[in-house]
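Hi,

Here is the structure I promised to pass on to you. My notes on its charged side chains follow below it.

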Amino acid sequence: MKKYILLSIFLMAAIPGFSQKTERTFIFGHSLINHAEQVNPTPSQETSIPHWFQFLSDAGGHNYAVAGQYGFLPQHANLPPSPQWGFDVVEGAWDADFEEFSDADFTSILLTPANFIQYQGSDINYEGMDISPVEATNTIFNWCNAQEPEMNYYIYENWPDMASFLGNSFPPTNSEWINYNDYLNGEFHNWFIDYHDFVTDANENICVKMIPVGPIISKILNQAPFNEIPITDLYEDDAPHGRPTIYFLGAMITYMAMYEEMTPADFEVDDIIHPIVRDNYESLTNIIWKALLDFDYEDGQSRVFCSEPISNSIEETKTVSEIEILPNPARDFLTIESKDFFETVELINISSGQKLILKTNTKSINIRSLKSGVYIMKLLNHEGRYLKSKRFVKI
């Protein structure tokens with residue numbers, strides 16, 4: 001397996017446009033990211049996001065390492081954190097016995113709140129505490145940013161506790177399942193939207209994005225053929241802790257959000273994953289990718305991807321969109337008009353997720369070989385930092 005992965009990485013590195021990425025993530029999480037106390041034991045840590053993220057990352061030719069700890073936001077705000085988590089197949093990102101957090105070279109923070117606190121606003125103090133979810137999150141992010149500037153920050157939107165929707169016990173009836181998903185996509189999701197807005201407003205100097213894992217999984221499971229999967233093959237209790245299939249879906253969503261690309265097309269899904277998911281991996285990838293692309297602010301800026309920064313004012317919005325592509329639509333060549341110097345042009349096909357990266361010293365680009373469709377063009381400077389982006393149509 002290891003030889004196959006190394007060969008795959010070597011071959012992909014030789015492909016024009018391939019860009020190897022590194023994610024070194026610290027996770028402030030709980031069992032909806034890493035479920036260790038399983039009712040139905042598995043061979044390894046198949047009920048965790050990092051487990052599947054590692055395999056997807058290997059298949060994509062990227063580098064991934066992780067450290068994390070259990071707790072809820074008030075406990076996480078008691079800093080510094082501790083790398084409690086260890087995995088069979090995932091590289092550890094931090095050995096606290098030998099180095100400080102600031103020396104671990106983290107590139108991102110993934111954080112999730114509890115899934116049973118959404119009965120009141122995220123800016124309201126926890127019962128019996130002098131801190132709110134928003135305040136706790138800001139404390140964590142401020143501390144992390146002081147330790148390691150320029151990291152990306154992701155809020156992992158989980159799924160709600162199921163117990164209050166059950167008349168008797170797990171699993172839910174059909175009507176209970178419907179009510180549960182209505183709440184997940186309604187009040188529960190709106191709580192996360194407000195929470196994300198509060199946190200981004202308080203942290204304008206860093207990239208804070210949100211990964212809508214719960215709503216996307218709900219969307220998947222409530223459409224054919226995925227609605228044929230028995231709930232007991234997905235969840236094992238009313239918490240509800242997932243079985244491997246749920247965490248695999250969560251990892252697919254998290255991978256696409258953090259790497260900003262579709263999961264590898266040639267990925268071989270493990271037999272422990274439900275066959276309906278395994279046999280429909282390609283369509284799942286497309287469903288998830290579209291859902292992430294569509295998860296925007298009202299002004300069209302992405303809530304998910306850090307390469308498309310949030311604009312907080314009309315003036316900033318004008319600056320970000322100050323790029324012209326002529327002609328648009330285009331068939332053979334297009335010309336880029338931008339006041340900023342750029343070295344790299346990144347083209348992404350919105351429908352397929354196909355990415356092409358060009359090093360260029362010219363503002364004229366030959367696009368004859370591109371497939372017809374809608375593309376996002378991103379401009380990056382010589383350090384690889386994002387400058388601006390715009391859509392164009394290839395005819």
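Let me begin with Arg278, which is partly exposed at 24% relative accessibility (buried means under 20% relative accessible area, exposed over 50%, partly exposed in between, with a 1.4 Å probe and protein chains only). Its partner in a salt bridge is Asp271, at 3.9 Å from N to O; the term stands for a side-chain nitrogen of Lys or Arg within 4 Å of a carboxyl oxygen of Asp or Glu. Asp271 itself is exposed, at 65%.

Before you read on: this is a predicted model, where local features need pLDDT of at least 70 and side-chain atom pairs count only at pLDDT 80 or more, while totals for chains, interfaces and linings use all residues. Residues are numbered from 1 along each chain as its sequence is written, and side-chain values use heavy atoms, leaving out hydrogens and water.

The count comes to 5 salt bridges. Another of them joins Asp197 and Arg303, whose closest N and O atoms are 3.1 Å apart. Asp197 lies in helix 5 (residues 174–202) and Arg303 in the loop between helix 9 (281–293) and helix 10 (314–320), so the pair ties together parts 106 residues apart in sequence (helices are DSSP runs of H or I with at least four residues, strands runs of E with at least two, numbered from the N terminus). Arg303 is buried, with a relative accessible area of 6%, whereas Asp197 is partly exposed at 25%.

Arg368 and Asp332 also form a salt bridge, at 3.6 Å between the closest N and O atoms.

Best wishes
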